[in-house]
4 protein chains.
Amino acid sequence: MKTSRMEAFSDGIFSIAATLLILDVTADASGGALGGTLRHSWPQYAAYAFGFIVIGIWWVNHHVFSDVLAKTDRVQLFLNTLFLACIAFLPFPIRLVAKHVWDEGARAAVVTYGITTTLASIFALISWMYVSKDRRLISEKVDQETIDHITRLIIPGAPINAGATLVALWSPHFAIVLLLALTFFYVLGTYLSKRDWSEVN
Amino acid sequence: MKTSRMEAFSDGIFSIAATLLILDVTADASGGALGGTLRHSWPQYAAYAFGFIVIGIWWVNHHVFSDVLAKTDRVQLFLNTLFLACIAFLPFPIRLVAKHVWDEGARAAVVTYGITTTLASIFALISWMYVSKDRRLISEKVDQETIDHITRLIIPGAPINAGATLVALWSPHFAIVLLLALTFFYVLGTYLSKRDWSEVN
Amino acid sequence: MKTSRMEAFSDGIFSIAATLLILDVTADASGGALGGTLRHSWPQYAAYAFGFIVIGIWWVNHHVFSDVLAKTDRVQLFLNTLFLACIAFLPFPIRLVAKHVWDEGARAAVVTYGITTTLASIFALISWMYVSKDRRLISEKVDQETIDHITRLIIPGAPINAGATLVALWSPHFAIVLLLALTFFYVLGTYLSKRDWSEVN
Amino acid sequence: MKTSRMEAFSDGIFSIAATLLILDVTADASGGALGGTLRHSWPQYAAYAFGFIVIGIWWVNHHVFSDVLAKTDRVQLFLNTLFLACIAFLPFPIRLVAKHVWDEGARAAVVTYGITTTLASIFALISWMYVSKDRRLISEKVDQETIDHITRLIIPGAPINAGATLVALWSPHFAIVLLLALTFFYVLGTYLSKRDWSEVN
């Protein structure tokens, strides 16, 4: 099977999950109080921006992943569906974190977020192991070095996310700082990376 | 008419229907009670995961179905719309089942789910009978064996779903177990299937 | 400009507008009362099915329309946006009709629906006049007979919808029957039509 | 990397953001009062139409922008994600403006809208500077005149939107009139423009 419809379905899930984040940005206030409510709602905007960027990063990585595929099969489509179910779940824990960041629910909210991203990382890893085993679904045009490079990028995902989840059990606020730092590090690393990613494709 | 836009419209419906499932996952609780509320909300997560996987399976099957088409016409587009209306309806009964699984509304909820999937199966069957009659819209590249194989896969859908609906009238919880078992069986069967599905295309 | 992204944007709007209809299907009831509530909610399901089919028909017609285009320009994209704004508005009046069909709000609800479809028809007509004037954006492969055929199909849309709106001012229920009859007639006409639409493309 | 999936992801965001605007059009009224409620809700419809057209204009411009790209890279994808995060945020301030246009919250609402469009303009500008620097990602087929033309179109965006935001601090209603005038001017300018935009591509 060709990969084009798998990409279309995935792009749909990614773009809808990101856009649905805006439904959780609210400001119920009478006219006179609106300015103050908006100023105090900054955790909502921060959660929206963070969530959009995180889903955007997952999308870029999914892009890199599917660009090396020559074809797909039912097993890959099913693993991809499990991965996408985690991505489309993200608006829920992000909403929880934005709402409970300053109260006693912060721990439960950040742990829920961490479990979701850990599961996404695990399904991404299983999916990659399945398609790259004996180059099962990999395009012939892709060299082994690129395969190994993607493998090295995907493997740390699950332990890092699981670690951040454990940190959240101890201190949810430190876990939030850690997750923000990882995201910035990721984006910065992409910018500074000597490896020219456009070569991958 | 080419099938590309029918596929784009269908992929849009499938991906939105799956992603909208997250809007039904909620946790309204004060900070201190959030952890407990989340732990007791597992039917919501189970319903989300089940719904996402079920819509994913329908999508994979629609993928296989439309890959054998050489073209489409107005009648097929209309039958496809009726089928998609059932798929996009799924978030409603899935929400009902998640909410009422432990109370007296379980029977009504599962029956509503069953009627929806039965109608989807019937429209899928009518659609397939229309396109495969005298190979009306089938690509010349597809051999008769593949056509017969898809026919054998599509025919049991309506009786199985109608049967599960009848079981739900008698025992909604047994019907839920049955539907979960059928889904697992389907996924397992796909994995173990000797038939190489990539040959279909 | 190529038409592919205009089609992708339009397909996105059509599929989201259709899928959002499910958000208006609700059943708030305690467990014991769920069955009765669901049975009495049939106007919601009827509105969902009708709305999905109506949006599906508009989508098929948009499909036929854009298939004869060789290219697009900024004016066409803007007219298309105005048309799509009417399509994406449809979930609102459909929700109103489903909610108020049996009370005094029926007239206002059906008139709102009628104004929306009348505006959609007018923008579709302006858009078609713009692209077909001196075959401005029409593909060379399309013969004049097909152009004239589409023109004959598009012109009656605005007066029919405006007429149904006027009927709704007099009797909203008769207008609903009329709109349902027109939809059935349209679908039946498509099926019986001697003209082979696949020839258009 | 090819630009096709960046376009698909972007088209998804644009079309969902535009369609979600309808969720903010509501009319909660008893049957007898529905007509009056609908007549008095015209700021909601105006906000919907304005929001849909504004998102449509941004989409057309994104279309023009991405049509001159030969390829994309991770930095461009990230900048594009930041830009899209602003676009997908628009339904929130548009909802605020529709709700508070006649009360004391108008200033806060219009300023929130202005900050959003200003940020969108800034990210669009940074994105364009990145891709056009030494023609980094520009297609060879595009001549320098077209590049310069797009540069001249993109540069005024940020100052105009920032200016409108400052005006809103002084008079929110004048800022609304200004934003409406700019939108009409933009559309009119497109129609009257001697430059044939279809040449760009």
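1. A word on terms before anything else: two residues are in contact if their C-beta atoms, placed from the backbone, lie within 7 Å. By that rule, the contact between chain B and chain C takes 31 residues from chain B and 32 residues from chain C. On the side of chain B that touches chain C, the elements giving two or more residues are H1, helix H4 (74-89), helix H5 (91-100) and helix H6 (106-132) of chain B. Helices here are DSSP runs (H or I, at least four residues), as strands are (E, at least two), and they are numbered from the N terminus. That side of chain B divides into 18 nonpolar, 5 polar and 8 charged residues. In this count Ala, Val, Leu, Ile, Met, Phe, Trp, Tyr, Cys and Pro are nonpolar, Asp, Glu, Lys and Arg are charged, and the others, Gly among them, are polar.

2. Please keep in mind that this is a predicted model, in which local features need pLDDT of at least 70 and side-chain atom pairs count only at pLDDT 80 or more, while totals for chains, interfaces and linings use all residues. Residues are numbered from 1 along each chain as its sequence is written, and chains are lettered from A and ligands numbered from 1 in the order in which they are written.

3. On confidence, the model scores ipTM 0.87 and pTM 0.90. The mean pLDDT (the predictor's confidence in each residue, from 0 to 100) of chain A is 88, and 94% of its residues reach 70 or more. Within chain A, helix H6 (residues 106-132) has the highest confidence, at a mean of 94, and helix H9 (residues 172-192) the lowest, at 82. One stretch to read with care is residues 194-201 of chain A, where pLDDT stays under 50 and the model has 10 contacts beyond four places in sequence.

4. Now to the other partner of chain B. Here 33 residues of chain B are in contact with 31 residues of chain A. Helix H1 (4-20), helix H2 (34-40), helix H3 (42-67) and helix H9 (172-192) of chain B each give two or more residues to this side. Its residues divide into 19 nonpolar, 11 polar and 3 charged.

5. Superposition is by least squares on the C-alpha atoms of residues with pLDDT of at least 70 in both copies.

6. Chain B is superposed on chain A by a rotation of 90° with 0.0 Å of shift along its axis, at RMSD 0.0 Å. Again the copies use different surfaces: 9% of the contact residues of chain B recur in chain A. Gly12(B) is the residue of chain B that comes closest to the rotation axis, at 4.5 Å (C-alpha).

7. Two pairs of chains have no contact. For chain A and chain C, the closest C-alpha atoms lie 9 Å apart. For chain B and chain D, the closest C-alpha atoms also lie 9 Å apart.

8. Inside chain B, how do H1(B) and H3(B) pack? Their axes come within 9 Å and cross at roughly 170°, which makes H1(B) roughly antiparallel to H3(B). The axes are lines fitted to C-alpha atoms, for helices over the stretch in contact, and angles run from 0 to 180 degrees between N-to-C directions. Angles under 35 degrees count as roughly parallel, over 145 as roughly antiparallel, 65 to 115 as roughly perpendicular and the rest as oblique. Among the residues that meet are Met6(B), Phe14(B) and Ala18(B) in H1(B), and Phe52(B), Trp59(B) and Ser66(B) in H3(B). The contact residues divide into 7 nonpolar, 4 polar and 1 charged.

9. Gly105(A) deserves a look. Gly105(A) lies in the loop between helix H5 (91-100) and H6 of chain A, and counts as buried because 25 C-beta neighbours lie inside 10 Å. The cut-offs are 20 or more other C-beta atoms within 10 Å for buried, 12 or fewer for exposed, and partly exposed in between, with C-beta atoms placed from the backbone. Leaving aside neighbours within four places in sequence, Gly105(A) is in contact with His100(A), Ala29(B), Gly31(B) and Leu34(B).

10. Finally, two backbone angles in chain D. Asp134(D) lies in the loop between helix H6 (106-132) and helix H7 (144-154) of chain D, and its phi is near 55°, a positive value in a residue other than glycine. Arg135(D), in the loop between H6 and H7 of chain D, has a positive phi of about 50° although it is not a glycine. Asp134(D) is exposed, with 6 other C-beta atoms within 10 Å, whereas Arg135(D) is partly exposed, with 14.
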